[in-house]
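I opened a new entry to record what I looked up. I start with the ligand and then turn to helices and loops.

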Amino acid sequence: MASITLNHVAKHFGPKVAIADIDLNVKDGEFLVLLGPSGCGKSTLLRMLAGLETVTSGEIHVGGKRVDQLPPSARDMAFVFQSYALYPHMTVRRNIAFPLIMRQFKWWFHLPVIGGLAKRRIERSPAVSDLVEKTAKTLSLTEMLDRYPRTLSGGQRQRVALGRAMVRQPEVFLMDEPLSNLDAKLRSAMRAEITRLHQRVGGTFVYVTHDQVEAMTMGTRIALMRDGVIQQFGTPREIYTSPANTYVARFIGTPPMNLIEGRIEGNAIRIGEALLPLPARLLAAAQAAKAPSVLLGIRPGALAIGPAGAAGGLAGSVSFVEHVGAESVIAVGLAQARTAHPEEGEVPGEIMVTTSGYSELARGEAVSLSLDLSETVLFSAETGHRLDPGPAFG
Ligand code: ATP
């Protein structure tokens with residue numbers, strides 16, 4: 001069993017608080033993704049799990065056993081680095097076998113001739129060579145076992161690094177941005193490979209990335225971090241449909257969730273000149289919060305574009321259209337309503353809409369946007385926290 005529990009874990013580097021005070025429960029066999037922008041503390045958290053970094057305070061338990069005071073070698077975990085960290089002077093076979101050879105390490109392994117012979121003997125023993133061959137086969141590395149890392153592509157090197165982690169048969173795999181040195185196409189192939197690896201070996205995976213696509217496609221659960229604090233811990237679907245706050249809402253999704261300023265008036269929300277009746281879930285939340293000023297969060301796919309002047313719609317005009325293969329991304333500048341938290345390069349008051357297929361809309365065209373409020377969420381304009389329980393699904 002390799003559940004992971006963090007109790008009040010913090011890490012300070014002098015005055016710098018890298019990890020504030022984290023509580024986390026990861027179930028056995030989960031694929032946890034630590035996601036967040038550069039500097040949010042995700043690598044520090046992973047390194048504390050591995051024992052490569054001490055904890056300033058708090059406790060880490062793996063499989064019910066406290067590990068935060070144990071050295072890395074005493075934790076049943078394998079670490080895969082962004083840089084691959086392969087030994088350049090060793091063949092692929094030796095690189096993969098290395099953790100198994102080190103299990104039988106004796107001081108005289110350092111002696112040039114005797115040590116070399118002893119390592120080769122272990123490498124060729126049936127127990128080790130069978131496991132290395134099996135692992136290589138799983139990762140399609142059989143043909144490359146006698147080559148050196150410098151003769152391999154980035155993707156092949158990363159597979160060797162995975163192989164070296166796999167032969168240890170650890171309870172926990174820790175991976176720090178393992179795909180970030182690969183090009184986009186190879187990244188997506190390796191994403192699928194790591195997901196399959198997780199399904200096959202069944203261990204607990206903790207995977208660090210700043211790439212939301214990796215997080216959404218690979219994770220069983222995601223911990224989205226910012227400034228050493230977990231903003232939300234949930235399944236990809238929960239995080240996508242019901243972001244805990246406006247930070248999460250704007251971090252996930254391409255383009256991200258639109259946040260439209262609104263005022264609660266009776267049973268409806270006023271956005272510019274439009275007064276839209278609220279569904280029961282949003283109305284109850286708005287009434288309970290007693291906050292007249294809110295932000296309506298709506299994903300670009302939950303908006304429909306129609307001809308100008310439609311009743312109940314938000315009036316605007318098309319700012320630009322991008323054709324992205326199967327869908328079009330359309331920016332609409334709203335005539336009346338305002339948006340919140342624009343990112344760098346975005347225009348306040350502009351709403352992003354995605355439609356399937358090739359949009360024939362042209363820049364400057366007057367349009368009307370209709371909103372499917374059943375798919376929206378409400379945030380407090382003051383604190384940025386989500387007010388309603390989020391759309392029901394399942
Ligand atoms: P990235 O994606 O860029 O690797 P990250 O989310 O993994 O970022 P960390 O590397 O965990 O972030 O760093 C978290 C914070 O702690 C950063 O502000 C970083 O500058 C700081 N930090 C990390 N290691 C040290 C150290 N050894 N000494 C001082 N500060 C550190």
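This is a predicted model: local features need pLDDT of at least 70, side-chain atom pairs count only at pLDDT 80 or more; totals for chains, interfaces and linings use all residues.

Residues are numbered from 1 along each chain as its sequence is written, and side-chain values use heavy atoms, with hydrogens and water left out.

I checked threonine 44 next: an N or O atom of its side chain is 2.5 Å from a ligand oxygen. At glycine 41, I found a polar backbone atom 3.0 Å from an oxygen atom of the ligand. The ligand taken alone exposes 630 Å², and the protein buries 58% of that. I note that these areas come from the Shrake-Rupley method with a 1.4 Å probe; for residues, only the protein chains shown count as cover.

Which residues are around the ligand? I listed Phe13, Lys16, Ala18, Pro37, Ser38, Gly39, Cys40, Gly41, Lys42, Ser43, Thr44 and Glu177.

Strand S2 (16–26) and helix H1 (42–50) each supply at least two shell residues. H1 gives the most, with three. Helices (H or I, at least four residues) and strands (E, at least two) are DSSP runs, numbered from the N terminus.

**Helix packing**

I then followed helix H5 (residues 154–167), whose axis comes within 7 Å of that of helix H2 (residues 92–103), crossing at roughly 30 degrees. That makes H2 roughly parallel to H5. Angles under 35 degrees count as roughly parallel, over 145 as roughly antiparallel, 65 to 115 as roughly perpendicular and the rest as oblique. The axes are lines fitted to C-alpha atoms, for helices over the stretch in contact, and angles run from 0 to 180 degrees between N-to-C directions.

Helix H4 (residues 126–138) packs on H5 at about 135 degrees, with the axes 10 Å apart. H4 is therefore oblique to H5.

I also took H5 with helix H6 (residues 184–201): their angle is about 15 degrees and their axes are 11 Å apart. So H5 is roughly parallel to H6.

**Loops**

Where does serine 140 lie? I found serine 140 in the loop between H4 and H5. Its phi is positive, near 55 degrees, in a residue other than glycine.

Aspartate 227 is not a glycine either, yet has a positive phi of about 45 degrees. I placed aspartate 227 in the loop between strand S9 (221–226) and strand S10 (229–234).

My last entry is a cis peptide bond between threonine 254 and proline 255, with omega about -10 degrees. Proline 255 sits in the loop between helix H9 (246–251) and strand S11 (258–265).

Definitions and conventions:
A residue is near a molecule or strand if one of its heavy atoms lies within 4 Å of it. A polar contact is a pair of N or O atoms within 3.5 Å; within protein, one must be able to donate a hydrogen and the other to accept it, and residues adjacent in sequence count only if both atoms are side-chain atoms.
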